[in-house]
Amino acid sequence: MNSKLSWLRKNLFSTWYNSLLTLICLVFLFWVVRGVFTWALYQAQWAVIQVNLPLFLVGRYPKELYWRLWIALAITATLSAMSWGVFSPNQNLTKRTIAIYALTVGGLLFILPVPLVPRLWLLLIAVLLFAGFWMAKNLTKLITPWLPLGWLLSFPIMLWLIGGGFGWESVSTNLWNGLLLTLLMAAVSIVLSFPIGVLLALGRTSNLPVVRWFSILYIEIIRGVPLIGILFLAQVMLPLFLPTEIRLDRVLRGIAGLVLFSAAYMAENVRGGLQAIPRGQIEAAKALGLNTVLVIILIVLPQALRAVIPALVGQFIGLFKDTSLLSLVGLVELTGIARSILAQPQFIGRYAEVYIFIGFIYWLFCYSMSFASRRLERQLSN
């Protein structure tokens, strides 16, 4: 108690003007917080969120096929829990942790304004999260080698579940809206832009003039054009370079624009990590008889990527938020569906409630990526 009082006296009330400034800030914060809570509890009309929650999450996806999305979410939750268990060896399942998890899940299932069937699906996903984490803790040596393969196979399986085909009823991409489209385009763009960015970074440091200058021109040209311009070019001009019988879907064109744009920035982040590798390590590896490909794969890239994890995750977060620009090129993702909801006659003018809600969704996913990257960085540094 005395230490806290000493800290307050030293940092907030050391002089008369510091004390006055502290009091003014406290009064201002109290006024702001009281105004926000008063608006949120008594003036805001949160019915716009409750009524349109399915539109925010999955848009116009057919209701009778929601079970496909639930299965895809269950697969993602299980793999995420396994990954979390593998990369957090110091966090164990205790009785207290299990009790807190059970109470949290039970409270959320009781509070969330959703029908019975979604509640049961959410309960199943909560059980799978616990089971995946428990398996990762108790079967780490067995699961770890197969985890990358599981993530690799999960992407085509989830795309098959969402889009149909191969014996299942197909669902047009025009019905992929809301958070579903945002997550899908962000995930695919991140997965595709990362290896392209690594290749461009290696190409820019190559000794071959053609490869080096091609990489430099691509990176500098793309970085000099705004993303909205790239998206419009991908929607309008990309079909002109393809045969007339090939018509790319708007979603694929949007992904192409995001990948082309993000790969250039990814390349510069990776190049910064490559320059941090001491030249002596490369020369020592070549002296041991390793060829250039093995030197890059075994010596250079692991250290370079580890050094630029914060920058890469920052790029991933930026790419996730940049998907909001897709609404300007006709794709109804999370921001686009919000504009459609605001056009409903009974909810005209409810801008604050709608944009606070989608802002919270963006913050939740971005903070999750940032938190996971910090844990990964701490784990790799041990």
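The legends below describe close-up views of a predicted model.

**View 1. Packing of helix H5 against helix H7 in the predicted model.** Helix H5 spans residues 66-87, and helix H7 spans residues 116-138. The two helices pack at an angle of about 25°, and their axes are 7 Å apart. Angles under 35 degrees count as roughly parallel, and H5 and H7 are therefore roughly parallel to each other. Their crossing is right-handed.

**View 2. Residues in the contact between H5 and H7.** On the H5 side, the contact is made by Trp67, Trp70, Ile71, Leu73, Ala74, Ala77, Thr78, Ala81, Met82, Trp84, Gly85 and Val86. H7 contributes Pro118, Trp121, Leu122, Ile125, Leu128, Leu129, Gly132, Phe133, Met135, Ala136 and Lys137. Sorted by class, the residues of this contact are 19 nonpolar, three polar and one charged.

**View 3. Domain 1 and domain 2.** Domain 1 covers residues 63-170, and domain 2 covers residues 175-381. A distance of 25 Å separates the C-alpha centres of the two domains.

**View 4. The interface between domain 1 and domain 2.** Here 10 residues of domain 1 are in contact with nine residues of domain 2. Between them the domains bury about 830 Å², with 80% of this area on carbon and sulfur atoms. Of the area that domain 1 buries against domain 2, 51% is supplied by Trp84, Phe87 and Ile162, more than by any other three residues. Trp84 is also one of the H5 residues that make the contact with H7.

Definitions and conventions. Residues numbered from 1 in each chain as written. Predicted model: local features only at pLDDT ≥ 70, side-chain atom pairs only at ≥ 80, totals over all residues. Heavy atoms only, no water. Axes fitted to C-alpha atoms, helices over the stretch in contact; angles between N-to-C directions. Helix = DSSP H or I, 4+ residues; strand = E, 2+ residues; numbered from the N terminus. Parallel < 35°, antiparallel > 145°, perpendicular 65-115°, else oblique. Left-handed = near helix turned anticlockwise from the far one by under 90°. Contact = heavy atoms within 4.5 Å. Nonpolar A, V, L, I, M, F, W, Y, C, P; charged D, E, K, R; others polar. Domains from an automatic or database assignment. Buried area = accessible area lost by both parts, 1.4 Å probe.
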